[in-house]
Amino acid sequence: MRSAVLDASTLETLMSAATAAPSMYNTQPWRFRFDPDTLTVELRAAVERGLPYADPQGRALHLAAGAAAFNLRVAVASLGWKPVTRLLVSPEHPDLLVTVRIVGRARSGSHHRTDLYDAIYRRHSSRLPFSDRRPTLAVLHEIAAAAHVEGVFLTFPGPRETSRLLRVTTEAERRNHADAERSNESRRWVRGKAGCEDDDLGIPEATLGPQDSFERIPLRDFTARRHVDELPSQAFEPSPTISVLATGHDRRTDWLRTGQALQHALLVATALGLRSSLLHQAMEWPDLRRILRSSQAPFDHVQMLLRFGYGPEGPMTPRQRAELALGGDVAPFDLSPQLRRVAHVVEGR
Ligand SMILES: Cc1cc2nc3c(=O)[nH]c(=O)nc-3n(C[C@H](O)[C@H](O)[C@H](O)COP(=O)(O)O)c2cc1C
């Protein structure tokens with residue numbers, strides 16, 4: 001029986017992949033711990049990075065954690081190992097959201113595409129206008145199938161329903177601007193000026209993009225400048241491709257599954273050459289979230305709107321260093337003790 005070594009650099013690879021996941025305002029609301037005895041990565045909520053005004057229930061935080069867990073699964077599988085994922089394993093530790101245990105060598109026949117690992121680092125939110133080229137039905141089908149594998153609905157509504165969803169999102173965006181506490185919270189996470197001062201957290205202004213001069217696609221104005229005249233605008237694609245991610249229930253496990261489905265769909269889209277961005281504003285107002293649901297829909301709880309298309313890549317948004325996500329307050333370049341420990345994975349276990 002051969003044994004493969006899970007060393008510091010491999011663990012760092014796993015952490016970098018996990019933390020490349022999207023999170024609302026790029027708060028990166030996660031903390032990781034590796035248990036070398038059980039070969040388990042624990043993903044906990046960093047509740048101090050929650051968003052009390054925009055996300056009082058922590059639903060968006062769970063989505064981000066689910067997305068990070070999916071990246072971790074893909075990274076473990078790309079190393080030839082099999083990940084076993086469990087959600088909310090300990091009622092006494094509600095902050096322990098996900099565990100990913102490495103149980104041995106992966107057998108062939110995984111249902112994932114093999115190019116998802118590369119897509120982890122190529123995926124960025126692109127808040128720029130997309131071209132008029134529409135994804136084919138085969139492409140849309142593959143993206144939807146990725147979410148379904150995770151137990152979550154992903155649908156692509158027709159033009160009339162898409163316009164309705166975007167109008168509800170426009171109303172949510174209007175309310176966000178009018179709400180002083182939410183505006184301040186959003187502005188605090190924009191890097192530079194008076195906003196977020198941590199270089200590795202928050203959203204750089206360069207990634208924000210213009211507003212749609214047709215006023216059809218209500219991209220989030222993170223700076224909440226209130227006066228549309230102050231914001232740069234450009235013509236966006238006239239017939240946007242919008243999808244709805246939704247679940248039958250609205251429990252914490254549904255949110256964590258949604259995060260995994262979100263990331264699976266985004267990575268498949270990236271592997272297929274598409275760009276993406278998210279429209280979450282209507283999810284932040286319970287009455288608007290309820291009316292997002294269409295009467296014909298087979299699901300009750302809308303969790304996210306995704307926008308897909310072809311166009312510019314969108315700039316990268318930085319992440320915290322892997323060792324910070326693992327250890328907390330460790331000095332720069334000082335790998336935490338967890339990273340220095342070496343564990344052996346016995347292949348085929
Ligand atoms: C739950 C959640 C909600 C989000 N909401 C929005 C949104 O409404 N508008 C937007 O442009 N991006 C949204 N994002 C994307 C984040 O801003 C983005 O992931 C983060 O800034 C990191 O950048 P990246 O996606 O380019 O890696 C959301 C992400 C998550 C996980």
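Four strands form an open sheet in the order S2-S3-S5-S4, with antiparallel pairing; two strands count as paired if DSSP finds at least two bridges between them. This is a predicted model, in which local features need pLDDT of at least 70 and side-chain atom pairs count only at pLDDT 80 or more, while totals for chains, interfaces and linings use all residues. Residues are numbered from 1 along each chain as its sequence is written. Helices (H or I, at least four residues) and strands (E, at least two) are DSSP runs, numbered from the N terminus.

- Strand S2 (30-35) and S4 are the edge strands, each pairing on one side only.
- From one strand to the next, the twist averages 20°; axes here are lines fitted to C-alpha atoms, for helices over the stretch in contact, and angles run from 0 to 180 degrees between N-to-C directions.
- Strand S3 (residues 40-45) runs antiparallel to strand S5 (residues 96-105), and five bridges join them.
- If you want a landmark in that pair, Glu42 has Thr99 in S5 as its bridge partner.
- S5 is also joined to strand S4 (residues 81-87), by six bridges and again antiparallel.
- Here Val84 stands opposite Arg101 in S5.

- Seven bridges link strand S11 (residues 241-247) with strand S13 (residues 301-309) in the antiparallel sense.
- Within that pairing, Val244 has Leu305 in S13 as its bridge partner.

**Helix packing around H7**

- Helix H4 (residues 137-149) packs against helix H7 (residues 252-271) at an angle of about 155°, with the axes 8 Å apart.
- H4 and H7 are therefore roughly antiparallel to each other; angles under 35 degrees count as roughly parallel, over 145 as roughly antiparallel, 65 to 115 as roughly perpendicular and the rest as oblique.
- The crossing of H4 past H7 is right-handed, a label used if the near helix is turned clockwise from the far one by less than a right angle, with anticlockwise giving left-handed.
- H2 also meets H7: their axes come within 7 Å and cross at roughly 50°.
- That angle makes H2 oblique to H7.
- H2 passes H7 in a right-handed crossing.

**The ligand shell**

- The ligand is surrounded by 18 residues, and the closest are Pro22, Asn26, Ser125, His280 and Thr317; a residue is near a molecule if its C-beta atom, placed from the backbone, lies within 6 Å of it.
- Helix H2 (59-78) and strand S12 (275-279) are the elements that give two or more residues to this shell.
- By type, the shell holds eight nonpolar, eight polar and two charged residues, where Ala, Val, Leu, Ile, Met, Phe, Trp, Tyr, Cys and Pro count as nonpolar, Asp, Glu, Lys and Arg as charged, and the others, Gly among them, as polar.
- Domain 1 (3-121 + 318-346) and domain 2 (123-309) each supply at least three residues to the shell; the domain bounds come from an automatic or database domain assignment.
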